[in-house]
Amino acid sequence: MFTASGTEAANLGVRGAALARAAAGRRIVVGAVEHPCVLDAARALEPAGFAVTRVPVDAQGQIDVRQFSDAALPD
């Protein structure tokens, strides 16, 4: 599939993945410093019943894997 921009591609990816897997869980976990188009796409799904969790990053901009895993569980 081709899109007109990176923003459009990210939006399509976040929305498409979330909606395709909604039966498995309605939690979206993103890094707190994710690109705004990703954060906006995730936030736009909240009215549809999705919970968005933003995982903080350390001073080097890295996500702690354990924090990410904990945020994704149980759904």
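**Exercise 1.** How many residues does helix H1 (residues 6–20) have, and what distance does it reach from its first C-alpha to its last?

*Solution.* The model is a predicted one, in which local features need pLDDT of at least 70, side-chain atom pairs count only at pLDDT 80 or more, and totals for chains, interfaces and linings use all residues. Residues are numbered from 1 along each chain as its sequence is written, and side-chain values use heavy atoms, with hydrogens and water left out.

Step 1. Helices (H or I, at least four residues) and strands (E, at least two) are DSSP runs, numbered from the N terminus. Helix H1 has 15 residues.

Step 2. The expected span of a helix is 1.5 Å times one less than its number of residues. H1 reaches 21 Å, close to the 21 Å expected.

**Exercise 2.** Determine which residues of H1 are buried and where they lie around the axis.

*Solution.* Step 1. Buried means under 20% relative accessible area, exposed over 50%, and partly exposed in between (1.4 Å probe, protein chains only). In H1, Ala 10, Val 14 and Ala 18 are buried.

Step 1. These residues cover an arc of only 50 degrees, so they are on the same side of H1; the arc is that of the directions from the helix axis to the C-beta atoms.

Step 2. An α-helix has 3.6 residues a turn, so residues three or four places apart point the same way.

Step 3. The buried residues of H1 pack against S1 and H2, where contact means heavy atoms within 4.5 Å. The face turned away from the buried side carries the exposed residues Leu 19 and Ala 20.

**Exercise 3.** Identify the salt bridge and describe the exposure of its two residues.

*Solution.* Step 1. A salt bridge is a side-chain nitrogen of Lys or Arg within 4 Å of a carboxyl oxygen of Asp or Glu. By this rule the count is 1.

Step 1. The partners are Asp 40 and Arg 43, at 2.4 Å, N to O. Being 3 residues apart in helix H2, they are separated by about one helical turn.

Step 2. Asp 40 counts as partly exposed at 42% relative accessibility, and Arg 43 is partly exposed at 36%.
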